[in-house]
Each structure stands twice: as C-alpha cells, then as structure tokens.
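Hi everyone, thanks for coming along.

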Amino acid sequence: MEDRPQIGYSKKVMEHFMNPRNVGDVENADGIGTVGNPVCGDLMQVSIRVENDVITEIKFKTFGCGSAIATASMVTEMAKGKHIDEALKITRQDVADELEGLPPVKMHCSNLAADALHEAIKDYRAKREGKKEAIEEPAR
Amino acid sequence: MVYLDHASSVPVDPRALAFAGRYLKEEYANPSSLYALGLSAKQAVEEARARVAALVHAETPSTIVFTGSATESNNLAVRGTALRNRKKGKSILVSAIEHVSVLNPARDLQKQGFDLGFVPVDRYGVVDLVFLEENLAPETTVVSVHYANDEIGTVEPIREAAAIVHEKGAYLHVNATAAAGRIPIDVQEDGIDLLTLSGNDLGGPRGAGALYIGPGVKVQTVMPGGGQEKGLRSGTENVFAIAGMGEAARIAAMEMEDEMAREKAIRDRLIEEVLTIEESYLTGHPDFRLPNHASFRFSRIEGESILLNLDTFFGIQVATGSACTSRTLEPSHVLIAIGLKHEEAHGSVVMSLGRSNSTEDVPLVGRAMKETVMRLRSISPL
C-alpha cells in the first residue's frame, strides 16, 4: 500500500482493514453477540469459545465500512485469551485507542465491536445459567 | 491507477492549463485596471465569456456571469432569483435529488419565510412532471431541476420541465455541472432561464464557475462588493481559472461528440461486466443517463468498504453514496429519493469516466469489483 491518507484512517486501521484477524464464525460457539442494523449500515457479529471463563477462540463477521471491519478485527485480538470479566471491561474507546484513533464521524456508528463482544459474553453467561437450570430443574 | 471519479473532479486539461498559465505568470494584472496589462486580462475574461456562452448556445456572451464555483452559481441562482422576485411570491420548488449547494440555500430561504416544495422523482431519478405542474403556484418564482444527477447519472426532461415552469411565469434554474461538456446543452432551445456551470468539471482549473442568466431574468446579488460581473458577483476576477474554463469550454464544444462516444462505449462494457456480479444492480436510468456515468448498488456489503478495497488493493478510485463517507451518517438523499431502502442505499458505487479511461480498464475494473464484492461478502454476516 502506498503511504497516503485514506479517509483519515490511521495506518493501524488500514492494516486491520487489509488483513483482518479472526474472520468467520466459531463452530458450535459458546456465545454469539450481534449488534447494529443493516438499516444503519453497520452490523457486527462476534462468536466466542470459552473454557474456564477464558475466551479461547473468537471470530467476527461485519457488514459495514472500513473502520467497522478494523474495529471488529481489533476487538477479537484484544479479547482473545482474556477472562470474560476482563473482556467485558474493553470499551469502544479502548478499541479506538488501540487502532491509534478513528475519525470522529466514525466513532458513533462503526465502533460497535466492543458491544458485540459484550453481547457474546452475555449470551455465553445466559446459556451457562440456562444449562445450570436445566440440570438443576429435574431435582426440584 | 484507474481514476473513475470524474463526477467529483476532472483532471485539468493540459491545453487549458497551458492556455491559462500566462494569466498567472505574465498577464497578471487586475482586469479592472485601465492600463494595457489590465485590459489584456479583461480581454481574457471576455474571451472566456464568449467561449462558455458558445458551449451552451447562449444568446450573447453578456448572459454569462463568472463566479468562483458551481456552488456559488447555485446560490446566486436560487437565492438571487427568489429574493429579487419576492413581490411575485415567496414560493420555490426544487427537485428532491438536487446537489446540496441547491438544497441548502433553498432550505435557508425556507427559514426566512419562503415556501419550499420538493419535486419527487421516479425510481430512475426522473422528476415527476405531473407533480411539478400540479404544484406550481402563481406565487412560484423559481424552480430548480439539474440537467443530470452526478450520483446516478440520470438526465432530466429539461425541455418539458421548462414548458411547465414558464406556463406559470416562473423561472427554471438548471444545475448543469455534471452534464456540461458531456451532452449538448442549448439554453435557448431547452428554455432554460438560469444555468450553472463549473470550470473544473469541464477540465479547467478549480476556482471558476459560471451562471447563465437569460435575457430579462431578474436576479439580485447575494454578495455585494466592488461591482464586478455586472454587480452580481463582486470580487477580483480569477483570470487564470476563468481563462482556463473558457479554453476547457472551447475544447469541450469541439471534441464532446467524439470523446463521449468513446467514453460511452467503455462505460457500456463496464456496466455489462459489473452486472455479471450476483446481486448487483444499476442505479439511475438505463438509457437517459450521462454517457460517461455508471452507478451501481450491491446487496449485503457497504459502499465505503468497497471504495477502500478498490483503492487499496487495485488502485481504482470510485465514489459512493454510502453514509459512511458523509458527515451525517444518513445514506444519500438521492438514493432514498429513488425509493431505495436504507440498507440498499448503503451499498452504492459510482463510476464516472473521463479522458484517461480506456477499454483496457474494463477487464481490470471488472475483476477488481468481483474480487472486492467476494471478499467483503465473505466477511459479511448478511
């Protein structure tokens, strides 16, 4: 890539756009989070595998602009190997900071990746609670 | 590199640049000065005026007022005409798919108490003439319908619109920024009262625009000052840009027919190639469209990421009506006006051709588009 400005994106945003990490779906995922809306032009999906409350595998799919793809890619990198309590602390701002900034206009809509991660963790927890209940219920 | 964004900016024609250069370097005087060097600059402006007038078949060169840009011309046309004719009435009509430099002055007038109406378009972007006829009031002073839309390429039925507008004694303003130099324009035959032109869209340098004001059309200045350009656009003339615009207009008048036939042939092959992609659609009118213009939408992917992918991996420059390249985060008002759903409007790509494009670009762009769409769809959850 030539070294020239691209819609005000940092080199790191462009790097993640060009080589997004962890693209796809985790097979038989323990948690899936989907946020955004195609009507708004951004839809993020994060799927996770969790072992002992640690995210061991994480993948994303994104419908959206360049920074939407980059933020989703970045959040998967940031969350991988983290305890879910730690992963829940990752904010939109953290993702933007890690990408060396996003153009102000992009902050609101395209930076939903952290939300998708949080939703995936919530989904995991809900499923786990559900399983517990399912196990406990017959004993009642 | 394949540059396919001529609707946004046209590289300056080297002949226009060479012609205009002397008005920066040698004949640099203020055209209002009375000594020989000033008179020579004045002469350059008048020569350019005649050339621009000739391009659009204006009655006389004196009908052309030079401005700094098409935006300025649109402001002068919409504001200046509405304000000057407010005794007749305070009603104006603009098509729903006008450029923001028409829409925003119109909205500004609305805040000042003018009655503003929007003329809808059909799914191809053609203005609804029945609506226009039914909504023209005796109080309507100016109607603004562009010659062709720069985003979807549709060419409007200007002659028919003019006849309707004149029936009610209103003026028709036409923004011809995208159309001039690409399709023949005859302001007299078309019945146009005010016509906006842009210097750089013709292949001249940036910094010059023009407004044709037909004989007898009443317009007031929106920028008082030293009284240049018949008092309608004060400010020392940008002789360099104006002379360049004049030369670009002369070249366009001379070469338009051949050049546009060439570009249209490439464009048609480009459309054919791109539409082989699954779930890709042409936007705008299939026939009544600018010869150098192709616009598409692609399902399940987003326009800005298409633009970025084409630029980064293939060196191809296109435009998009995606919300993600605008400040409002709203998708293009043009695409919404032609009836696209928001999610459909997000996946738009605009390709506009110019002199630098050749038939060799077709397979290259076709392959790049296919790979881009495939890549982005593979990471899309939709």
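**A helix across a sheet, and onward**

Let's start in chain A, where helix 2 (residues 66–79) lies across strand 2 and strand 3, running at about 175° to strand 3 of chain A. Helices here (H or I, at least four residues) and strands (E, at least two) are DSSP runs, numbered from the N terminus. Angles run from 0 to 180 degrees between N-to-C directions, and the axes are lines fitted to C-alpha atoms, for helices over the stretch in contact. Contact means heavy atoms within 4.5 Å.

Before going on, a word on where this comes from. This is a predicted model, in which local features need pLDDT of at least 70, side-chain atom pairs count only at pLDDT 80 or more, and totals for chains, interfaces and linings use all residues. Residues are numbered from 1 along each chain as its sequence is written, chains are lettered from A and ligands numbered from 1 in the order in which they are written, and side-chain values use heavy atoms, with hydrogens and water left out.

How confident is the predictor? Chain B has a mean pLDDT of 96, with 99% of its residues at 70 or more; pLDDT is the predictor's confidence in each residue, from 0 to 100. For the complex, the predictor gives an ipTM of 0.89 and a pTM of 0.93.

Back to the chain A sheet. Three strands form it, open and antiparallel, in the order 1-2-3; two strands pair if DSSP finds at least two bridges between them. Strand 1 (31–37) and strand 3 (54–63) of chain A are at the edges with a single partner strand each, so one side of each has no neighbour in the sheet. From one strand to the next, the twist averages 15°. Strand 1 of chain A is joined to strand 2 (residues 42–51) of chain A by seven bridges, and A:Ile32 stands opposite A:Ser47 in strand 2.

Now over to chain B. Here seven strands make an open sheet with mixed pairing, in the order 2-8-7-6-5-3-4. Its edge strands are strand 2 (64–67) and strand 4 (115–119) of chain B, each pairing on one side only. The twist in this sheet averages 20° from one strand to the next. Inside chain B, strand 3 (residues 91–95) and strand 5 (residues 140–144) run parallel and share four bridges, with B:Ile92 opposite B:Val142 in strand 5.

Finally, the pockets. A pocket is found on a 1 Å grid over the protein atoms alone, as an open set of points where a 1.4 Å probe fits, with protein on both sides within 12 Å along at least five of seven lines; lining residues have an atom within 4 Å of a point. Grid points are joined across faces, edges and corners, and a volume is the space filled by probe spheres set on the points.

What is the volume of the largest pocket? About 1200 Å³. It is lined by 46 residues, and B:His99, B:Val100, B:Asp150, B:Glu151 and B:His333 are the closest to its centre. Helix 4 of chain B gives the most to this lining, four residues.

The second largest pocket has a volume of about 350 Å³. Among its 25 lining residues, B:Val10, B:Leu202, B:Gly203, B:Glu263 and B:Arg355 lie nearest the centre. Helix 9 of chain B supplies the largest share of that lining, eight residues.
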